[in-house]
Amino acid sequence: MTEEAGYGKVGVLRRENAELTHVEFGTPMGELLRRYWQPVALSEELTDMPRAIRILGEDLVVFRDGNGRVGVLDQHCAHRGTSLEYGRIEPEGIRCCYHGWLYDVEGRCLQQPGEPPDGTSKDRVRQSWYPTREFGGLVFAYMGPIDLMPEFPAYDILSDEGLILTAYRNISRGAVAECNWLQIQENAMDPVHTAFLHSTISGAHFTDLFKALPQLDFEETPTGMTYIRTSTLPNGFTYRRVQEVFVPNARSVADPYLPGNKAQSEKSRLIGWWVPVDNTHTIGFHIEALRVVNGAPVPSVLAQAPEGRSSGTQAARRSYEDMQREPDDQEAQVSQRPIAVHDLEHLASTDRGVVMFRRLLKEAVAAVQKGDDPMGIVRDPGNRTVTVSAGNTLIAR
Ligand code: FES
Ligand SMILES: [Fe+2]
């Protein structure tokens, strides 16, 4: 039904596109997201205390046991449900505070100290658990069917010898962005917003290079898609910027702080993930290969961005008036509603990257439902390389 009720209002109740936005266990997108390794914490956040996390609508606890192994377990103890965030970390695992049951990082119940010493109850208990990996300073979990666990992808831009990797939370949409993951991820295939939100509306957030309205191309890749944004600068240089998304929720963004007066070509040095906390909350993680100058890593500007700011070069400001006067990605995307309603949109020619990305997601969902691997799943342990094409090129006149 598409009839209008008058005054431009649509006369039927429009709901969000649940197939692409909802993330719980058993939902189409929830099952797709669970086929990929997802970052859930920073390695440096695992101290002598467990950490409660919520990922894909599941309440979990992440911890590093006394032997250095990382575990991601269901938050609620299999005994009677006490949260393991109050547990004690020990060499062999985590001990629930309530009756002292001890679990290892794979959820095996090692001890039930209140039970008779010869009891077998512990052998019948398994705390829900997920496999984990650490890479580049992030802790990843695989939350899908265990027999379909993929290899861990080796992004080429993060894999070369001698790189110094740094990991951090991307808080440009707030430490926990109060909206659905998809509208944030779609932003990566929306290059036109850089010419408005980040240039003419709110001043130059990153670089003056974004001011020139670009010509846009979009291309599929084996793991997702890219946009190719080409513009001619006032100085006559051609600026070509390639940005890339990996189905479903990762992306690669080239340096946004490029000066526009020197011919150059550089690959992106960053992989980022928008991880759904639940349907209406999202957290961001980045791994960045730092530039090395005179033998020392140059600190990441993006890593230092204040909460709610895309750009690390501007001061934090959070008053409502400031947000109205100089909106940034957080204001633009979170205000699309807690879950953007696709039925209410009026997509135009510049949205074709968003349209294409949604199609790729639908195809990936369909592949999972058919029993196939969705795009970008790495199966060959001998060839885990994912080639990243994101980058910047400045060509002199
Ligand atoms: S509730 Fe965890 S040991 Fe009893
Ligand atoms: Fe942006």
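A residue counts as buried if 20 or more other C-beta atoms lie within 10 Å of its own. By that rule, 42% of the 397 residues of the chain are buried. The model is predicted, and its chain has eight helices and 26 strands.

**Overall form**

- A compact globule with 397 residues would have a radius of gyration near 21 Å, and the chain has 23 Å, so the two agree.
- Taken along the principal axes, the C-alpha atoms of the chain fill a box of roughly 80 × 65 × 45 Å.
- Among the contacts in the chain with a separation of 6 or more, 59% are between residues 24 or more positions apart.

- Strands of a sheet pair through backbone hydrogen bonds, and the pairing is either parallel or antiparallel.
- One open sheet in this chain has three strands in the order 3-13-12, and their pairing is antiparallel.
- Strand 3 (38–42) and strand 12 (132–135) are the edge strands of this sheet, because each pairs on one side only.
- From one strand to the next, the twist averages 35 degrees.
- Strand 3 and strand 13 (residues 138–141) run antiparallel and are joined by four bridges.
- Within this pair, Ala41 has Val139 of strand 13 as its bridge partner.

- Arg54 stands opposite Asp59, which belongs to strand 5.
- Two residues lie between the strands of this hairpin, and Leu56 takes a positive phi near 50 degrees there.
- In a regular strand, side chains alternate between the two faces of the sheet.

**Helix 5 and its surroundings**

- Helix 5 covers residues 192–201, and its buried residues are Thr194, Leu197, His198 and Ser199.
- Seen down the axis of helix 5, these buried residues fall within an arc of 160 degrees, so they line one face of the helix.
- The buried residues of helix 5 pack against helix 7 (329–334).

Key: Residues are numbered from 1 along each chain as its sequence is written. Chains are lettered from A and ligands numbered from 1 in the order in which they are written. This is a predicted model: local features need pLDDT of at least 70, side-chain atom pairs count only at pLDDT 80 or more; totals for chains, interfaces and linings use all residues. The radius of gyration is taken over C-alpha atoms; the globule rule is 2.2 Å times the number of residues to the power 0.38. A residue is buried if 20 or more other C-beta atoms lie within 10 Å of its own, exposed if 12 or fewer, and partly exposed in between; C-beta atoms are placed from the backbone. Two residues are in contact if their C-beta atoms, placed from the backbone, lie within 7 Å. Axes are lines fitted to C-alpha atoms, for helices over the stretch in contact, and angles run from 0 to 180 degrees between N-to-C directions. The arc is that of the directions from the helix axis to the C-beta atoms.
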